Amino acid sequence: MKAQRAAWWFLAPALLVLGIFFLLPVIAALGLSLTDYDLYALADIRHLRFVALHNYWDLLHQPRFWSALWHTLYFVLVGVPLSIIVSLGAALLLNSPLVRFKTVFRTALFAPVVTTVVAVAVVWRYILNTKYGLLNYALGLAGIHPVDWLGDPHWAMPSIILFAVWKNFGYNMIIFLAGLQAIPKDLYEAARIDGASAMQQFRHITLPMLGPTLLMVAILTVSGYFQLFAEPYVMTEGGPLQSTTSVLYLMYNEGFKWWNFGMASAVAFLLFVIMFAVTALMLRMSRRGEAA
Amino acid sequence: MSPRIAKALIHGLLIGGSLLAVFPLLWMLSVSFMHPGETGSLPPPLLPTHATWRNYENLFLRAGVGRYLFNSFVISASITALSIAFNLMAGYAFAKLRFAGRERLFQALLGMLVIPAQVAMLPLFLMLKYLGWVNSYAAVIVPAMATAFGIFLVRQYARGIPDELLEAARIDGASEARIFGQIVLPLLKPIMVTLAIFTFLTAWNDFMWPLIALTGQEHYTLPLGLASLAREHAQDSELMMAGSVVTVIPVLALFLAMQRYYIEGLLLGSVKG
């Protein structure tokens, strides 16, 4: 009995913090999304009205929600595979027994991960500058005309994807590296004796053995990339022509620029539902892949 | 392919990749020492013609970056200290103490990992507003004092502590608090260091919630100050780079010094899937 009481004392601070400052707000967000909480309600709570699913209904009929969702999906669908391929490539190179100074390379490749998004976004804004940027200068040497990377609606999102991949690939690289090191060496030994080429070894040993790691990395990266916000906030302010306004950016604008808290909560919940559905779908597909 | 060519190819790719990864950071450092306006020339200068500290002087004397640096340290250090204490206690309780409903509570905790933090932000802001906490250190520190993820990490690690050790101490009449302080804490030191680095870096780099909760410049952290500078002084590349250096150097140094613990933590954390 005494031990029971002690346990609750140990748990109390953390559970109180999580309960009051996370769980309660999450539940409140669901409630809020069913009201028209706005600037008037903020001033006087008596203006608050219950509107049931009206916010959701409204959102699903607004082009700006669909366009924000589309921009986010674009970022996820292109950014995640690209970043996973780069991470896996870097991990495979690092894992080669031929490599010397492995830790130096690992540290260099990983460095962008620990940097602050806002700070390095500022650096990239200069690199991508139309007139004085290094990228356009380098392309100019190859005879390619300057591109307005962050000012052209067609190029703004690809630029942000490029930046995000540069910033994040090191994280998954470390996880892949650990996964690769866990594959028993004698599998490769046996394959080599059977005359399998490097490509065959990769397809028939490395990829299948890395399967669970790959799935986990994919799920974590997808849910991370769905939460796109700071990059467009600093690099493009959601523009040009809203082309980099993500779902979270929409939530931020609805909530903290226009004070439509009811509508903004509905946006947050829709994002949550979409992320949950995508994760569930990925788990399901991987299970079917295993069974086949 | 002969091993010699393969070796050259792999090293070539690694050197190229590492340069791509590190170049923007080195260039940031180099540009921060350039005279105002130097970046407005072609070809883009790689090194300053006459290195100067002027951008740093302007940052600290005019743009008030010293204040942002101070705020960032206060907020990140407080979050780290408090969340370590709370997460260690809770993680240990989940791992080693028996109480009714332990498994179900832990399942609920894991469930919370699925919910994106942004869902809570709007009501949290309203809550803090009614409490009068908006635009205070507390608005950023208090909600971060415990994390489901931190508790989970500690719990996984603490499960390795042998029960006999704790039982022996109990039979000797030691109180639960004393067992935690004198036996458990020293054993949890490695996970403590890992968690501390992780928490500090996350708090330092955090952007969205501080942007919402800290509305006045006097409470801005470095990322917020930098973002607002970037909107006002978009053309002052040299000044902005100096600001980026000030923001990135502390975390980069911490990472380089404690790399081993950081990477261990990253791998521990990724097992949650």
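Mentor: First, a term: pLDDT is the predictor's confidence in each residue, on a scale from 0 to 100. Chain B has a mean pLDDT of 91, and 98% of its residues reach 70 or more. This is a predicted model, in which local features need pLDDT of at least 70, side-chain atom pairs count only at pLDDT 80 or more, and totals for chains, interfaces and linings use all residues. Residues are numbered from 1 along each chain as its sequence is written, while chains are lettered from A and ligands numbered from 1 in the order in which they are written. The model scores ipTM 0.91 and pTM 0.93.

Now the helix. Helices here are DSSP runs (H or I, at least four residues), numbered from the N terminus. Helix α10 of chain B covers residues 189-205, 17 residues in total. From first C-alpha to last, α10(B) reaches 24 Å, close to the 24 Å expected at 1.5 Å a residue. That expected span is 1.5 Å times one less than the number of residues.

Next, burial. A residue is buried if 20 or more other C-beta atoms, placed from the backbone, lie within 10 Å of its own. The buried residues of α10(B) include Ile191(B), Leu195(B), Phe198(B), Thr199(B) and Trp204(B).

Take Thr199(B), which sits in α10 of chain B. Thr199(B) counts as buried because 23 other C-beta atoms lie within 10 Å. Contact requires C-beta atoms, placed from the backbone, within 7 Å. Leaving aside neighbours within four places in sequence, Thr199(B) contacts Ile79(B), Thr80(B), Ser83(B) and Ile84(B). Thr199(B) and Ala77(B) are 122 residues apart in sequence, yet 9.1 Å apart in space, C-alpha to C-alpha.

Terms used
Helices (H or I, at least four residues) and strands (E, at least two) are DSSP runs, numbered from the N terminus. A residue is buried if 20 or more other C-beta atoms lie within 10 Å of its own, exposed if 12 or fewer, and partly exposed in between; C-beta atoms are placed from the backbone. Two residues are in contact if their C-beta atoms, placed from the backbone, lie within 7 Å.
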